[in-house]
Amino acid sequence: LDPFIAVPSQDAPDADFPTVSFPNPEEGAGVWTEAFKVADARGVDVCIANDPDADRFCCAERSEGGSGSGWRIFSGNDLGIMLADWIYTNWRANGKGEGQEKAAMLTTNVSARVLQGMCEQEGIRFEETLTGFKWLGNKALDLEADGYKVLFAYEEAIGFMLGGTSVVDKDGVAAAAVFVDLVNHVYGRELSLQAHLEGLYAKYGERLYKQGYFVIDVSKCAEVLGVLRQDYPAELGGVAVKAVEESGQMITFRFEDNGFCVLRPSGTEPKLKYYIDLSTKSDQNVDIDKVEDNLKLLLSL
């Protein structure tokens, strides 16, 4: 790879973060404006970013079609499956996984199920935890104590934990280093990251994924969810509900092929958050927007 090119307007520390409204690459295209300007001027096709304390990592790639055609900002789920596959590929290439050595990977209960599909296909132990690296890290330690080699863990909010680094937490610096190695490999094969990602989804199963929130007073969350608990639906937006799970104020609807819809109040804001994951394997034409609209009607929000 060519040497990194820093973004001059964001290179020096400034606690006011004057170039962005909120200094987190998860916040969308506006956070990338300065980086894209530099990339366009220098003919660069890939941008990477960390948040201020460098525990989160994100990446964007120029859309296929050349300069001026826009950028694809990869989601946490996109980056998660690309990192997981690359880490596992190298682990196996180094002769690991033979004999008694057992691999494990983890994600949270609100992240897309593509990692679960990969683990099931490759024979990797898969575990799901509640949101946050407190849960992922502690579960990873439990697995290591049981003789597993935890290769990777991630959450959809662009947090990634790499095995073998002794950091039992999300680490944006390590994630960036490993991902750049992947970029070098992918571009060496004359592919784009987008094309590489599409190949992984074709191999492990593409998912429809959506997250959002309803603005609601925190004091009313329990009341709204209580009404829902009185009569759980048999389907959401035409997708059959296979099971319903409750954990505190969190409600999870389970669909076929590991799909889900999770509802949970925010711990810090007046929001009721939702996360929807659907399989595309079914013969039925699933519509994730219909699931979202049906959810809103059920909650009368």
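## A buried ring pair

Phenylalanine 152 is buried, at a relative accessible area of 0%, where buried means under 20% relative accessible area, exposed over 50% and partly exposed in between (1.4 Å probe, protein chains only). Tyrosine 154 is buried too, with 0%. Their ring centres are 6.0 Å apart and the planes sit at 20 degrees, so this pair is stacked. For the cut-offs: rings of Phe, Tyr and Trp (its six-membered ring) pair if their centres lie within 6.5 Å, and planes under 30 degrees apart count as stacked, over 60 as edge-to-face and the rest as tilted. Ring pairs also join Phe57, Phe152, Tyr154, Phe160 and Phe179 into a cluster.

A note on ground rules: this is a predicted model, so local features need pLDDT of at least 70 and side-chain atom pairs pLDDT 80 or more, while totals for chains, interfaces and linings use all residues. Numbering runs from 1 along each chain as its sequence is written, and side-chain values use heavy atoms, with hydrogens and water left out.

## Charges over rings

Lysine 102 has its charged end over the ring of tyrosine 148, 4.3 Å from the centre. Lysine 271 does likewise with tyrosine 213, at 4.0 Å. Here "over" asks for NZ of Lys or CZ of Arg within 6 Å of the ring centre and within 35 degrees of the ring normal.

## Two sides of a helix

Helix α7 (residues 218–230) has Cys221, Val224, Leu225 and Leu228 as its buried residues. They span an arc of only 95 degrees around the axis, which puts them on the same side of α7; the arc uses directions from the helix axis to the C-beta atoms. On the other side, Ser219, Glu223 and Gln230 are exposed. Helices (H or I, at least four residues) and strands (E, at least two) are DSSP runs, numbered from the N terminus.
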